[in-house]
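Could you walk me through a couple of helix pairs in this model? I have it open in the viewer and would like to know what to select next.

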Amino acid sequence: MRLVAATLYALDIPFVESFKHSTKERSASDSVVVQVRDEAGSEGFGEGCPRPYVTGETVEGVLQHIAEDLWPAIAERELPPLAEGAFLSLVDELIPRREIPGVLSDNASRAALELAIVDCVLRREGVSLRRLLPALRSRVAYSGVITAGSPEKAAQQARQMKVVGLTQVKVKVGLDDDVARVAAVRQALGPDVSIRVDANGAWTRPQAVAALAALAPFGISAAEQPLARGPVSELRALRQESPVPLMADESLVTLEDAEELISAQAVDYFNIRLSKCGGLHRCRQLAARAAEAGVRIQIGSQVGETAILSAAGRHLTASLPEVDFVEGSYGTLLLAEDVSSDAVRFGHRGEAAVLTGPGLGVRVLAERLRKYARRTVELPLGGAPL
Amino acid sequence: MPFRSDVEGLFARRVAELTESSDFVALESGSATRVDYDRFIENVFRCHTKSPHFLAFLFTLAPPEAVPSITHNLLEEMGIEEETGESHPSLLRQLAVEAGLSDRLPALETRAQDDLRQVIVDPLLYGTLRELGLAVLCEVVSFEYMLSRVASRIARALEKHRGLSPKALTWFTHHSEVDIRHAEQGIDNLEAYVRYYDFAAEDALTICEMTLREHVFGRRYFGELGLGLGLTAGAS
């Protein structure tokens, strides 16, 4: 079976509230959704969220890369059969490796295409992604995220998370009032909720040492990306001084990054994200390597991701033996409208059931994609110039 | 008293957001297009045509103190409080028909039903009916509060700029400023609910804040969004 058509949607779905961290404020999603169709008419949907400050990818760059580099190389090629045990690996190999000047990795493009192909093949066979990634648990429990607003706003968000029953919360830090914000959150949540912080690389090492020492008394489970992506020796040195376990996010994009971080014993946690890390196959490779090395993991998400990435993230999470923290599946808690007819967002206590429907387990509504697409690119056979 | 004043302050802020929004200003000033007016009417229909369902739900959860007024509201919505009464959904249909939107009614009815279905199938953010009931009651009362302050303005705008007759606008006049006492009773009911079900005032206010996120009225009336009922609020 071969792919015969693809459509790219650059989405612009408004948020119900803006989302802010130390380096960026967003008020709308900017995902790229890939829709593929095979010669039998089966369709699949994948999604990537380009982040210039993470992988170096942009929305326009992803559209161009998929249209001009990746799609022409896979259109009309025979797709791997589902029966193969190494199906995800074969799909990863099907997508050509291309270096782009100025781009750390084309992982958002690869993730979008990989998920679309996987979804398409599974839908054609009428089976769930669970066939490939057997679930080790029936439910996944998600964390809440408190954005980088005032301490009063943070306390208000924390109270909301408390009444929803969330047991894990992440607080964005890297601003002047971090201590006051985290103190307000701890006071609102009480002692039983796990709190971790995420600086998005805002600190220098001396700043991080001071900040983490000041935040540690509030009971911080982990500090995500305290330093900007750079030499792992800096993270290693910080880890030796930090009273809080460290987590790599922007510093963990590729398998090579993982090896370097493991070799330097630079962090306690990896934040593995589908779009950032290049799709299901590569994320599972990272998770396996982390488990071997004794590095614990968080399965993270992209702010503004739609049901497509959330569904794939849930399958990935449910299939891994040990995951300490999970993010994502905010759905209409953040998006004015999601792209699927099925609700993927979490409910009370942040819990959501593992999805069981064909493919990724969500029914994507093409009319919603068209409604929120600020740009649509049809890719016929042979690719198309933009 | 703090809960009552806090929740009234919340309602007032949300009403101000609506009336100060560019969409509302355009509606009142006549600078909105015919398409904008029609979409507004469609959204009002979609937002409110299932109100009797939610009042029936609230009836089952109402604390004894609030039962008489919620029963009254429910019967009024269903048009069976008095012999000559008309149900509120039928007044909304009348609005759509008089606006020349009869051909849109089947699709609007379907969308409203889909919205209701979505509320039922979406995962619940709250652990018990106690919290869910507060969210639903808060949403219903907040709309009564808002309409008691702006329904006449909306009716005047639709009459002047969209050419609708007083008969077409009956739904708005039913909810207009004369209904302020009704809205006050709604806030009494919220207070009674919070007392009866032993809410901490801070938790109750938090649920109300989640239910009435920023621009909640504008998103419903101008933004093509379906029912929220606090179930789409939360933890971003």
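Start in chain A of this predicted model: select helix 5 and helix 6 of chain A, and you'll see the two pass each other in a right-handed crossing. Helix 5 of chain A covers residues 178-189 and helix 6 of chain A covers residues 205-215. Their axes come within 10 Å and cross at roughly 25°. Angles under 35 degrees count as roughly parallel, so helix 5 of chain A is roughly parallel to helix 6 of chain A.

Now show side chains at the contact. On the helix 5 side of chain A, pick A:D178, A:V179 and A:V182; they meet A:A211, A:A214 and A:L215 in helix 6 of chain A. Colour that contact by class and you get 5 nonpolar residues, 1 charged and no polar.

Next, hop over to chain B. Select residues 129-162 for helix 8 of chain B and residues 201-211 for helix 11 of chain B. How far apart are the axes of these two helices, and at what angle do they pack? The axes are 9 Å apart, and the angle is about 55°. Helix 8 of chain B and helix 11 of chain B are therefore oblique to each other. As for handedness, helix 8 of chain B passes helix 11 of chain B in a right-handed crossing.

Notes: Residues are numbered from 1 along each chain as its sequence is written. Chains are lettered from A and ligands numbered from 1 in the order in which they are written. This is a predicted model: local features need pLDDT of at least 70, side-chain atom pairs count only at pLDDT 80 or more; totals for chains, interfaces and linings use all residues. Axes are lines fitted to C-alpha atoms, for helices over the stretch in contact, and angles run from 0 to 180 degrees between N-to-C directions. Helices (H or I, at least four residues) and strands (E, at least two) are DSSP runs, numbered from the N terminus. Angles under 35 degrees count as roughly parallel, over 145 as roughly antiparallel, 65 to 115 as roughly perpendicular and the rest as oblique. A crossing is left-handed if the near helix is turned anticlockwise from the far one by less than a right angle, and right-handed if clockwise. Two residues are in contact if their C-beta atoms, placed from the backbone, lie within 7 Å. Ala, Val, Leu, Ile, Met, Phe, Trp, Tyr, Cys and Pro count as nonpolar, Asp, Glu, Lys and Arg as charged, and the others, Gly among them, as polar.
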